[in-house]
Amino acid sequence: MSRLAVVGIALAATFVLAACSERPQVVNYKQGKYAGKPDTPAYQNAPYNGDKAAWERALATRAQAQNEYQRIK
Amino acid sequence: MARMKFLCDAERCIECNGCVTACKQEHDVPWGVNRRRVVTINDGVPGERSMSVACMHCSDAPCMAVCPVDCFYRTTEGVVLHDKDLCIGCGYCFYACPFGAPQFPQTGAFGVRGKMDKCTFCAGGPEPDGSPEEFAKYGRNRLSEGKLPACAEMCSTKALIAGDADVLSNIYRDRVTIRAARGTLGGPPWGWDAAYGTGDKTAAQPPAQQPQPAAPAPKS
């Protein structure tokens, strides 16, 4: 076989087998970094003015009102 | 504080739509947008069950993962919020959400989608707390006032409860204990596993023992 034929076969194989190198098609979802405006914590402003403990106490007290078994004891 | 969560007790919901009305009124939600809705399974059949559905503020929220402009963020209390100034109304979050929570107002005569709107757990958004801008875009910020979501506080049967996960767990545990004593043990709360996962400590729950609908009487 002539050298020209070998080179031709090699070139043809390069093009024909190029499709065999597929990339994985399973999408890997990644959460991006938030790109919007910054937000302040809920207890930052009035009436709590940064007092996180007081805010949590208020919410806990409020949440217990949802438990009627607690209320009728 | 752990994380803010919703819990809907299908054994208690009577489909009164009080939560839907409370949400619409509290936030002045525009026509065509329903941040919360009540879904009934087997409507009209004995043993029907209703659930109040809105954004569940998932632990691993799929809407956050698919948003092409990254307009979602999660507060330290676990509330999933978004920036409407950044939202492009593509609708990817709607397809990703297992609860159908994202809503899109029709802004034009040809059905052009507006910016996404969803339940904020009454926590407003990335605007100054209590400002007119925050109310116009996201609704009232009750959380910053030390209040829980209006839908849960308005619920007449307390089927829908909201708040810190530890508190909700204690309330639901009380209910299940009392139901078990009565012999009417229900299953796990609807949507809980889908939103927050089963966790390592939670074993697989047995299927709920629901009353079976009576067979229709033969026509004479």
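I count two residues as in contact if their C-beta atoms, placed from the backbone, lie within 7 Å. With that cut-off I looked at chain B: among contacts between residues at least 6 apart in sequence, 56% join residues at least 24 apart.

**Conventions.** The model is predicted, so I note that local features need pLDDT of at least 70, side-chain atom pairs count only at pLDDT 80 or more, and totals for chains, interfaces and linings use all residues. Residues are numbered from 1 along each chain as its sequence is written, and chains are lettered from A and ligands numbered from 1 in the order in which they are written.

**Confidence.** I read off pLDDT, the predictor's confidence in each residue, from 0 to 100. Chain B averages 87, and 87% of the residues score at least 70. For the complex the predictor gives an ipTM of 0.78 and a pTM of 0.77.

**Chain B, layout.** I took helices (H or I, at least four residues) and strands (E, at least two) as DSSP runs, numbered from the N terminus. Chain B has seven helices and six strands, in the order β-α-β-β-α-β-β-α-α-α-β-α-α along the sequence. I call a residue buried if 20 or more other C-beta atoms lie within 10 Å of its own, exposed if 12 or fewer, and partly exposed in between, with C-beta atoms placed from the backbone. Of the 220 residues of chain B, 40% count as buried.

**Helix 1 of chain B.** I looked up the buried residues of this helix (residues 18-27) and found C19(B), V20(B), A22(B), C23(B), K24(B) and H27(B). Their cover includes strand 2 (37-41), strand 3 (49-53), helix 5 (150-154) and strand 6 of chain B. Just after the helix, D28(B) takes a positive phi of about 55°.

**Backbone exceptions.** Most residues other than glycine have a negative phi, and most peptide bonds are trans. I therefore listed these cases.
- D70(B) has a phi near 55° and is found in the loop between helix 2 and strand 4 of chain B. D70(B) is partly exposed, with 16 other C-beta atoms within 10 Å.
- C122(B) has a positive phi of about 55° and sits in the loop between helix 3 (92-96) and helix 4 (132-138) of chain B. C122(B) is buried, with 28 other C-beta atoms within 10 Å.
- The peptide bond from A46(A) to P47(A) is cis, with omega near 10°. P47(A) lies in the loop between helix 1 (3-16) and helix 2 (52-64) of chain A.

**Core.** I took a nonpolar core as a set of buried Ala, Val, Leu, Ile, Met, Phe, Trp, Tyr and Cys residues joined through C-beta atoms within 7 Å. The largest has 58 residues, and those with the most contacts inside it are C8(B), F72(B), V80(B), C151(B) and L160(B). Leaving aside neighbours within four places in sequence, I found F72(B) in contact with Y34(A), A61(B), C63(B), M64(B), C67(B), V80(B) and H82(B).

**Interface.** The contact takes 34 residues from chain B and 26 residues from chain A. On the chain B side, helix 2 (62-66), strand 4 (72-74), strand 6 (160-164) and helix 6 (165-182) each supply at least two residues. The largest share, four residues, comes from helix 6 of chain B.

**Chain A, one distance.** A53(A) is found in helix 2 of chain A and is exposed, with 10 other C-beta atoms within 10 Å. I read A53(A) and L4(A) as 83 Å apart in space, C-alpha to C-alpha, and 49 residues apart in sequence.
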